[in-house]
Amino acid sequence: NKDAQEPARAPTPEPKPSKPETVAKPKPASDDVVIEEAPRTENNPLNEDEHIVVMQIVAPKGKPFQGKAILVVFHANGLRYGNMNIFHRVTKREGESHTVFSIASMVKPGTLDPKAVVNETYQGLSLFARLPNPVGNIAAYDEMLHCAQHMTSTLGGELRDQKLRPMTHGAI
C-alpha cells in the first residue's frame with residue numbers, strides 16, 4: 001500500500017565515551033545516606049557467547065518506592081554508584097575491579113543519580129548481570145538473587161523475572 005507510512009522511530013543515541021577510572025570519596029546523598037562511587041570500567045557490547053540475566057523488583061500498585069529508602073537499601077547491600085549513572089555491586093579480583101551485577105530504574109532511561117533519587121519515587125528496579133561473569137556465573141546469580149530478595153523484603157515490593165512474571169521458587 002503506497003499510502004501506508006512507517007512508524008516514526010526514535011534516533012539511536014551515540015554511546016558516551018567512557019571516563020577514566022576514578023574512585024571518589026564517599027559523599028552524602030542526604031543527611032544520613034553515604035554513597036560510594038564505583039570505579040569506572042569499559043562498556044563493552046555483548047559477544048555472541050554472553051547473556052544478560054535480569055530480575056525486577058516491582059513496587060506495589062499505587063505505592064512507589066521512595067528514593068531515600070532505595071538509597072538506604074543500596075548502601076546496606078554494598079551497591080556503588082558508577083558507569084551509566086546506575087548502581088553496581090563491584091568486587092576486586094587480582095587487583096582489578098569487576099562488576100558482579102548492576103541495578104537501574106525499571107523506567108527509562110533507568111538512571112539513578114543519587115542527588116536526584118532522594119527526592120523521587122520509583123515504580124521498580126531492574127537488577128542485571130552479564131554472564132559469563134568474573135566471579136563465576138552461579139556465584140554472580142546467587143549474589144544478585146540474595147540482594148534482590150533482601151531489597152524486595154526491605155522495600156515491600158515483589159520480585160519478578162525479566163518478563164515481569166513473579167519469581168517463584170521454580171523460576172529461581
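1. Which residues of helix 3 are buried? Counting as buried any residue under 20% relative accessible area (1.4 Å probe, protein chains only), they are Ala-140, Met-144, Leu-145, Cys-147, Ala-148, Met-151, Thr-152 and Leu-155. Helices here are DSSP runs of H or I with at least four residues, and strands are E runs of at least two, both numbered from the N terminus.

2. The model is predicted, so that local features need pLDDT of at least 70 and side-chain atom pairs count only at pLDDT 80 or more, while totals for chains, interfaces and linings use all residues. Residues are numbered from 1 along each chain as its sequence is written, and side-chain values use heavy atoms, with hydrogens and water left out.

3. The 19 residues of helix 3 (residues 137-155) should span 27 Å at 1.5 Å a residue, which agrees with the 26 Å between its end C-alpha atoms; the expected span is 1.5 Å times one less than the number of residues. Gly-156, with a positive phi near 80 degrees, follows helix 3.

4. Strand 9 (residues 124-131) is largely enclosed by the rest of the structure, because 6 of its 8 residues are buried. Strand 9 pairs in the antiparallel sense with strand 3 (residues 51-58) over 8 bridges and with strand 7 (residues 96-105) over 4 bridges, where pairing requires at least two DSSP bridges. Arg-130 of strand 9 is the bridge partner of Ile-52, and Leu-125 in strand 9 stands opposite Ser-105.

5. Ser-102, found in strand 7, counts as buried at 5% relative accessibility. With contact taken as heavy atoms within 4.5 Å, the residues that Ser-102 touches include Ser-126, Leu-127 and Phe-128, not counting residues up to four places away in sequence.

Technical notes. Buried < 20%, exposed > 50% of the residue type's maximum accessible area, 1.4 Å probe, protein only.
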